[in-house]
Structures are given as C-alpha cells and as structure tokens.
Amino acid sequence: VLSSPARAQTYLPAITDGHGDIGAGYDGGVLGLELHLHGAAPDGSLDTHQTLGDSILRYDFTGQSKSSLSSLSSLSAYQVWRSPSTKTPGMPFLGLGAEEIPLNEFTGDKVSLAVTGFSFTGWTGLTSGGNFFLGQEDELGNPSLLYNSTSTNIGSVDLPAAAHMHGSWAFTEAGIYDI
C-alpha cells in the first residue's frame, strides 16, 4: 500500500493487474501527486487519472514468491516480494510518471519525486521489519537503487517532463507501507 500524505482518508480499489504510474500531475499551474491507470482500471474504465492528495493506493503483487535482492550486493541479505520490472499478465506494473508535465515549464524539463517519510504495519500488527526498495536497470543491465527505506535518505527520482519510467518495487514483509 502506498499513500500520500500519511493522513490519507480514501481507499482506492486495489490494483492487482495492469499498468499504472504514480506521478506528478499539473493542473492550472499547480503540481500534485496522482495515479494514472493505463488500460483496464479497477472501476472498468480504460484510462483514468486519480488525485492522490487524500487517497490510499492499494497495490497487490505478493502472489510472487520471495526472492533475494542479489542484483544489489549491498542488499543481498533481504528476502523480498518483488513486482515484475516488465508488464506481466496477472500482476500490477507500477511506474513513476511525469506525462502531465509540459515541456519548457520547469528547470531542466524535470520534476523530482522524493520520499519524505515511511512507516510499516504488518498484517499481525508488527511495526518493524518492513522495508521497501525501488530498483531499475540501465540499458546495459547495471542495477541502481532509486528508493531504499533502510537508508536515512530514502531517495528521490528525477523524472523528465512528458515521460515515465518503470522499475522493480520490492517489499520485505506483507503489510501496509505508508510512503
């Protein structure tokens, strides 16, 4: 589960399949965080935008078995549930986007999505042990870590205007992650 801000009030339908992006929305000169679902959305529509200001996004891919983060040697001890890094039928494919940001509007034609806080609550009430990571491989297959909740500086990602990117989301425990 991803939420923004921590005081989120509205639960959106769970995303269990298909392509979606969390990203920067830009409406009337105001930046905001939104979810853009491409294709079949949980409500049956084909293409939707949802403002995430007071919403909780539920994202479920834990049907895959846990595996090691072996591609990132500094994190190889972590066993994680990992989302696919390519579109896979029956699994959600979640990215980060700035498709709504027009060119020539911001310095360097980019916006930055930073994680400013993080908490975890497991299904049994456990409040520690849950960590999340977002990794990506470059065109040569070299891995990089974009977000890492085990670090005091969890991370930020610069997104080019009018574009989006995908990576592999990984979570160490089943539960609710307020990000």
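Reply: Start with the strands: they are DSSP runs of E with at least two residues, while helices are runs of H or I with at least four, and both are numbered from the N terminus. Two strands pair if DSSP finds at least two bridges between them. The model is predicted, so local features need pLDDT of at least 70 and side-chain atom pairs pLDDT 80 or more, while totals for chains, interfaces and linings use all residues. Residues are numbered from 1 along each chain as its sequence is written, and side-chain values use heavy atoms, without hydrogens or water.

The part to look at is strand S3, residues 18–27. Eight of its 10 residues are buried, so S3 is largely enclosed by the rest of the structure. Buried means under 20% relative accessible area, exposed over 50%, and partly exposed in between (1.4 Å probe, protein chains only).

S3 has strand partners. It runs parallel to S9, joined by six bridges. It runs antiparallel to S4, joined by nine bridges. Take Gly-20. Its bridge partner in S9 is Leu-94. In S4, it stands opposite Leu-37. S3 and S4 form a hairpin with two residues between the strands, where Gly-28 has a positive phi near 60°.

A nonpolar core is a set of buried Ala, Val, Leu, Ile, Met, Phe, Trp, Tyr and Cys residues joined through side-chain atoms within 4.5 Å. The largest one has 25 residues, and Leu-96, Phe-132, Tyr-147, Leu-159 and Trp-169 have the most contacts inside it. The elements giving two or more residues to this core include S3, S4 and S9. In soluble globular proteins, nonpolar side chains tend to be buried together.

Now the rings. Rings of Phe, Tyr and Trp (its six-membered ring) pair if their centres lie within 6.5 Å; planes under 30 degrees apart count as stacked, over 60 as edge-to-face and the rest as tilted. That rule gives seven aromatic pairs. In one of them, Tyr-26 and Phe-106 have ring centres 5.3 Å apart and planes at 75°, so the pair is edge-to-face. Tyr-26 lies in S3 and Phe-106 in the loop between S9 and S10, so the pair ties together parts 80 residues apart in sequence. Tyr-26 is partly exposed, with a relative accessible area of 23%. Phe-106 is partly exposed too, at 25%.
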